[in-house]
Amino acid sequence: MSAPPPRTRVHLVLGSGGVKTLAYLGALEVLEEAGIAFASISACSAGSLVGALVATGLPMAEVRARVEAVDLRSLLGKPSLPGPLRYASWLRWPFAPYDSDAVVQTMETLIGPGKTFGELAIPFATAGIDLLSRQLLVYASDTHADMKVTEAVRIAVGIPLFFPPHEAGGRVVVDAAIATHCPIWMVGRFDDEYPIVALQPAEAPVTAPPRGIGRFVKAIVGAGVASRDRYLIDEIPRARLIEVPVFDLEMEQFEAAEHRKPYLFEVGRRAAAACLRDWGDDLTGERRRAASGGALAPRAHDERAVNTASALMRGFANRLSRFSRRQLFISYSHRDKDWLEVVKAPLAPYVELRGLQVWDDTLIAPGELWREAIDRALASTRVALLLVSPGFLASPFIRDEELAFFLEAAARYAVEVRWVLLSAIGDAPNPVGHIQALHDMGTPLDTLPAPALVRTLADIARQLAADLDR
C-alpha cells in the first residue's frame with residue numbers, strides 16, 4: 001500500500017484589518033479541510049492575533065471555539081479616561097484612549113500564559129515600525145525564540161491614536177500596518193518556494209474621488225501602503241490572495257463584531273472556497289488577480305504606465321526568486337547509481353564557484369518519508385534533471401509512483417524539467433519524451449567513447465548552469 005500524498009504546504013500571510021480579520025478563521029478552516037498545511041505564518045497588526053493562535057498548531061475547529069468564547073469587547077480593556085473624555089487622550093502623549101494590557105490578557109487566555117516564539121508549533125513572525133528610525137522590525141520564531149508571543153502581539157497592535165506605542169531602547173514602535181497592510185515580503189526569510197497564501201480584507205469598490213478631507217487623507221495613506229503590497233502579491237507567481245469582502249463593518253467596531261462572529265466566519269469560508277475552486281487544493285490552478293478598484297476611463301499614457309510598473313515589479317520578483325533557488329534536483333534509477341556520480345562530476349566547478357546546490361535521494365535521511373523529502377527538495381529547486389534508461393522506465397516504483405508525483409510537484413513549484421538518455425530504450429514509452437532532451441537522443445551516453453562523453457557531459461553541465469541563471 002503506497003503512502004498517502006503529503007499535504008500541500010504553504011506560507012501563510014495575514015494582513016491587517018482590525019475586527020475584520022476574524023473572517024480569516026473561516027478561510028483557514030476551508031484551507032485545512034482541503035489538506036493545506038501551514039509551513040509558516042507571517043502577520044501584522046490585528047492579523048497577528050489570529051496568526052499567533054493558529055501558530056500554536058491547534059486544529060482550526062479548536063481555534064474557532066476559543067475565539068467564539070472570547071468577548072471581543074474585552075480587547076479594549078479600560079479606557080485611560082472615562083466616557084467621552086477618553087478622546088482627550090489624543091491631546092497628550094501617547095495619544096491613545098486605550099491601553100494594550102487587555103490585548104495581552106486575551107491572548108494569554110487564547111494561547112496560554114508565557115508562551116514563547118520557540119514553543120509555537122508553526123514558525124511565526126509579526127512586525128512593527130519604529131517611528132524614530134523609520135525602520136521595520138520583525139519578531140520571528142527563528143530570531144526571538146525566548147520572546148513571549150504576547151509581547152510581540154502587543155507591539156504589533158500598537159495602532160496609532162488607539163493603543164499606545166511600544167517604547168524601549170530609544171525606540172517608539174507602532175503597528176507596522178502604517179507601512180505594510182499585507183506583509184508578503186516577510187516570507188523572504190525562507191529559502192524554499194512553497195506557495196504563498198495571503199489573506200486581507202477586500203477594499204470596497206471605489207467609483208468616484210473622495211470628496212471629504214478625512215476620506216481624502218485616508219485614501220492617500222492607504223494607496224501609498226497598499227500599492228507596494230498589491231504589486232508584490234500580484235507579481236509573485238507563487239502568491240495566492242484571498243480577499244474577504246467585509247464591507248459593512250469598520251475595523252474598530254468591536255461591539256458589532258462580537259455579535260456578528262458567525263457572519264464573519266462564513267464570509268471567510270465563502271471567500272476561500274471560491275478561490276480554491278479556481279486554484280484546486282494543490283494551488284496550481286489559475287489564480288485570481290488582485291482587484292483594481294472601480295472602472296476608469298481609458299487613458300493611453302496611464303495604461304502604459306500601469307503596464308510598465310507591472311513589468312518592472314514582475315522582473316524584480318523573478319530575479320529575487322532566481323537568486324533564492326540555486327538547486328538542481330536529479331532523479332534516477334538505483335540501477336544507474338554509477339551514472340549519477342558520472343553526471344554530477346562536471347557540475348563540481350559550478351557548485352564550488354557559483355553556489356549551485358545538487359540534490360538527489362542519497363540526501364534523504366533514514367526513516368524520512370520519500371514523498372515529503374522530494375516535495376521539500378522541489379520547493380527549493382529551479383531545474384530538475386532526469387536520468388532516463390531502461391531501468392528508469394522499467395521500475396514500477398518510478399513509473400507508477402515517483403515519476404507522477406515528481407512531475408506534479410515540479411509543476412506546482414515551477415521547476416524546469418530536463419533529461420538525458422543514459423541507454424537506448426527502444427520502443428518503450430517515454431513519459432518525458434515531450435520534454436527537450438539535453439543531448440542527441442540518437443547517441444545515448446553509454447554509446448559514446450570516453451573523449452566524446454567528457455565533452456557531452458561538460459556541455460550538459462553548462463546547459464544546466466545556464467538554465468539556473470535565467
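**Salt bridges, rings and buried residues**

R73 has a relative accessibility of 32%, so R73 counts as partly exposed. Before I go on, please keep in mind that this is a predicted model.

What does R73 pair with? R73 makes a salt bridge with E255, and the closest N and O atoms are 3.0 Å apart. Now look at where the partners sit. R73 is in the loop between helix 3 and helix 4, and E255 is in helix 7, residues 254-259, so this pair ties together parts that are 182 residues apart in sequence. E255 counts as partly exposed, at 44% relative accessibility.

A word of background for those new to this. Side chains of opposite charge can pair when their charged atoms come close.

How many salt bridges does the structure hold? There are 17 salt bridges. I will show a few of them.

One is between D248 and R260, where the closest N and O atoms are 2.8 Å apart. D248 lies in the loop between strand 8 (239-244) and helix 7, while R260 lies in the loop between helix 7 and helix 8 (261-279), so the pair ties together parts that are twelve residues apart in sequence. D248 is partly exposed, with a relative accessible area of 42%. R260 is partly exposed too, at 26% relative accessibility.

There is also a network here: E29, E33, R64, E68 and R269 are joined by salt bridges that share partners.

R260 has another contact to point out. The charged end of R260 sits over the ring of Y263, 4.3 Å from the centre of that ring.

Next, a salt bridge inside a helix. The side chains of E62 and R66 meet at 2.9 Å, N to O. Both residues lie in helix 3, four residues apart, which is about one turn of the helix. Why does that spacing matter? An α-helix has 3.6 residues a turn, so residues three or four places apart point the same way. As for cover, E62 is partly exposed at 33% relative accessibility, and R66 is partly exposed with a relative accessible area of 28%.

Now the aromatic rings. A pair of aromatic rings is described by the distance of the centres and the angle of the planes. The count for this model is three aromatic pairs. One of them is W93 with F95, an edge-to-face pair, 5.6 Å centre to centre with 85° between the planes. W93 counts as partly exposed at 45% relative accessibility, and F95 is partly exposed with a relative accessible area of 31%.

Another is F117 with F124. Their rings are stacked, with the centres 5.8 Å apart and 20° between the planes. Are these two residues buried or exposed? F117 is buried, with a relative accessible area of 1%, and F124 counts as buried at 0% relative accessibility.

Back to F95 for a moment. F95 is found in the loop between helix 3 (60-68) and helix 4 (101-111). Together with W90, W93 and L161, F95 forms a nonpolar patch on the surface, and the four have about 420 Å² of accessible area together. Membership in such a patch takes over 30% relative accessible area. F95 has 31%.

Which residues of helix 12 are buried? They are R371, A373, I374, D375, A377, L378 and A379. That makes seven of the ten residues, so helix 12 is mostly covered.

D360 belongs to the loop between strand 10 (357-359) and helix 12 (370-379). With 1% relative accessibility, D360 counts as buried. What does the side chain of D360 touch? It makes a polar contact with the side chain of K344, at 3.0 Å.

S40 lies in strand 2, residues 36-43. S40 is buried as well, with a relative accessible area of 0%. Where does A121 come in? S40 and A121 are 81 residues apart along the chain, and their C-alpha atoms are separated by 9.5 Å.

To finish, two things to find on the screen. Then find F117 and F124, the stacked pair. That is all I have.

Definitions and conventions. Residues are numbered from 1 along each chain as its sequence is written. This is a predicted model: local features need pLDDT of at least 70, side-chain atom pairs count only at pLDDT 80 or more; totals for chains, interfaces and linings use all residues. Side-chain values use heavy atoms; hydrogens and water are left out. Patches are made of residues with over 30% relative accessible area and no salt bridge: like charges are joined within 9 Å, nonpolar side chains (Val, Leu, Ile, Met, Phe, Trp, Tyr) within 5 Å. Accessible areas come from the Shrake-Rupley method with a 1.4 Å probe; for residues, only the protein chains shown count as cover. Helices (H or I, at least four residues) and strands (E, at least two) are DSSP runs, numbered from the N terminus. Buried means under 20% relative accessible area, exposed over 50%, partly exposed in between (1.4 Å probe, protein chains only). Rings of Phe, Tyr and Trp (its six-membered ring) pair if their centres lie within 6.5 Å; planes under 30 degrees apart count as stacked, over 60 as edge-to-face and the rest as tilted. A charge sits over a ring if NZ of Lys or CZ of Arg is within 6 Å of the ring centre and within 35 degrees of the ring normal. A polar contact is a pair of N or O atoms within 3.5 Å; within protein, one must be able to donate a hydrogen and the other to accept it, and residues adjacent in sequence count only if both atoms are side-chain atoms.
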